[in-house]
Amino acid sequence: METFLMSQTIKRKLPSLPFRLYKEKILGANYSLSLTFIGTKRMRALNNKWRKKDYATDILSFPYEKKSGEIFICIEAANKKSKEFDRNPKNYLAFLVIHGLIHLKGFDHGSRMENEEIKWRKKFGI
């Protein structure tokens, strides 16, 4: 049973991107995903609790079971970081979501993960 829940705790308008399509292609139709857009205060608290880092990062991914997980994205942090990667905010958001999905697929940072991300970014034109 496919489940995709997208929510936000911020009032900012989100760019229109095919989030569900990314999820279905990368993780499969049977993966249950919660994608939540949050503010800097909540992201900082999550990052501090789970990674012992006292700042608001742009994305956190939490795999719960083999076929379920959750991604939190802080748009404000993502928009700031998009400049470092010389990407516009919408493009960087798509890049981030793919990055988070690859983590949920079981990959850790490194060349294997980077190759997997490149493959999916090419498929989606990102």
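## Basis and conventions

Two strands are taken to pair if DSSP finds at least two bridges between them. Helices (H or I, at least four residues) and strands (E, at least two) are DSSP runs, numbered from the N terminus. The model is predicted, so local features need pLDDT of at least 70 and side-chain atom pairs count only at pLDDT 80 or more, while totals for chains, interfaces and linings use all residues. Residues are numbered from 1 along each chain as its sequence is written, and side-chain values use heavy atoms, with hydrogens and water left out.

## Pairing of strand 4

Strand 3 (residues 59–65) pairs with strand 4 in the antiparallel sense over 6 bridges, and a hairpin of 2 residues joins strand 3 to strand 4. Within this pairing, Leu60 has Phe72 as its bridge partner. Strand 2 (residues 32–38) runs parallel to strand 4, joined by 7 bridges; Ser32 stands opposite Ser68.

## Helix 1

In helix 1 (residues 19–27), the buried residues are Phe19, Tyr22, Lys23, Ile26 and Leu27. They cover an arc of only 95° around the axis (from the directions from the helix axis to the C-beta atoms), which puts them on the same side of helix 1. Just after helix 1, Gly28 takes a positive phi of about 100°.

Methods. Buried < 20%, exposed > 50% of the residue type's maximum accessible area, 1.4 Å probe, protein only.
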